[in-house]
Amino acid sequence: MSKSWSANDHKSYTNPPPAATKRPRNDSWNKVTVVLGAQWGDEGKGKVVDLLATESDIVCRCQGGNNAGHTVVVDEKEYDFHLLPSGIINTQCTSFIGNGVVIHLPGLFEEIDKNEKKGLKGWDKRLVISDRAHIVFDFHQAVDGLQEVQRQAQEGKNIGTTKKGIGPTYACKASRTGLRICDLMADFNVFSTRVKNLVQQYQSMYPALKVDVEGELKKLKDYAERIRPLVRDGVYFMYDAIHGVPKKILVEGANAALLDIDFGTYPFVTSSNCTVGGVCTGLGIPPANIGEVYGVSKAYTTRVGIGAFPTEQLNAVGELLQTRGHEVGVTTGRKRRCGWLDLVILKYAHMINGFTAIALTKLDILDVLDEIKVGMAYKINGKRIPYFPANMEVLQKVEVEYETFPGWKTDTSAARKWNDLPSKAQNYIRFVENHIGVPIKWVGVGKSRECMIQMF
């Protein structure tokens, strides 16, 4: 094989060409602004997105499915969104559902119909769907329920999923048996065969699974024609948006940091990356195009379903937060568990996401309390631990170290600027800000967008 090189085997390097100069990086391209949950979800991301969407040209969803739930109040009308980006309300804005989202088409159209009845108009002119997004089938939802029953029988506990088929769909995606919107847009006979094969696979694993395959395929054929005008190649769509004329592009995270499949309280998590990395993979954009990253946190903590919750208050305080905060899940209708603000999880979420600012919501819920506690650190066997435990058995055992603040005992719901807030509330906010090391840009004191006090 080896032979000596001769002068004819390559160009002469006695006078090599000058070294290529490094091309300067073009930082003038459009950057995307990202809004992410910093706790266990339900922090009020929809409200922050809605606030920013009024000035945005494009609002994107990058992960999750209709297991997410955002409520937005506009002109005293409440809109509930699960798959649609909250920006769909803005008539000047394009809403984009990216490739990282899993889409249940009957759920999408049911959501559209409900919001049309509340006054949503012209959505079909401003909704774009990535052709690479995976499809959630009805049988994925059935499998989700069967898996929960199985977990309960085998382990005496389940995960507490929304039974929306999200986990089974992402599992299909990872095992390369999933079907995408682009498959639905192509040869329907080939698509039908692949759906039938997938159903057979599931029925071999879950003999109790009953599926009306022909019925589901008939519905999907109808949905295919309804969404066909909305479907685009998402990578090219985002590339054009970033590299074209100046645009404000907003990304609306679903779920939250502590529900992230990698960084959350596993296994009591969702099935996607709801931290900042999911923005790049869920839209097909490079990290260099990410600009501001806003974390959203309540002024206290809530979580839905099962799993460790160190600052949970199983007492009158927890009940008061639940009642005053109307803490019921938008998607599930389940009561949320409530507790004090946990700065360990906020700092942990910041480590992963690199928040450039925070929105602190629902401050007004704390108005009636005599004293307010904040979780500062975790201890195990009396010793502080400098990290957020990965293992759930360990997390269940941590002892929380609290800082106690006097309550302000004043109604803050009418506050519209920083100086309207009582000094004790201001002290609470500044303490949180200083401890996390991230500026608080908004403070929420009510349901509507007018109730978001902008600090800078």
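The model is predicted. In total, the structure holds 22 salt bridges.

## The strand pair Arg384 and Glu401

Arg384 and Glu401 join their side chains in a salt bridge, with an N to O distance of 2.4 Å. Arg384 belongs to strand β17 (residues 383–385) and Glu401 to strand β18 (residues 399–406), so the bridge ties together parts that are 17 residues apart in sequence.

Arg384 has a relative accessible area of 55% and is therefore exposed. Glu401, at 22%, is partly exposed.

## The helix pair Glu214 and Lys196

A salt bridge also forms between Glu214 and Lys196, whose closest N and O atoms are 3.3 Å apart. Because Glu214 lies in helix α7 (residues 213–227) and Lys196 in helix α6 (residues 188–205), the pair ties together parts 18 residues apart in sequence. Lys196 is partly exposed, at 34% relative accessibility.

## The loop pair Asp233 and Arg132

Asp233 and Arg132 form a salt bridge in which the closest N and O atoms are 3.1 Å apart. This pair links distant parts of the chain, 101 residues apart: Asp233 sits in the loop between β9 (231–232) and α8 (234–243), and Arg132 in the loop between β7 (127–130) and β8 (134–135).

Asp233 is partly exposed, with a relative accessible area of 26%. Arg132 is likewise partly exposed, at 34% relative accessibility.

Key: Residues numbered from 1 in each chain as written. Predicted model: local features only at pLDDT ≥ 70, side-chain atom pairs only at ≥ 80, totals over all residues. Heavy atoms only, no water. Salt bridge = Lys/Arg side-chain N within 4 Å of Asp/Glu carboxyl O. Helix = DSSP H or I, 4+ residues; strand = E, 2+ residues; numbered from the N terminus. Buried < 20%, exposed > 50% of the residue type's maximum accessible area, 1.4 Å probe, protein only.
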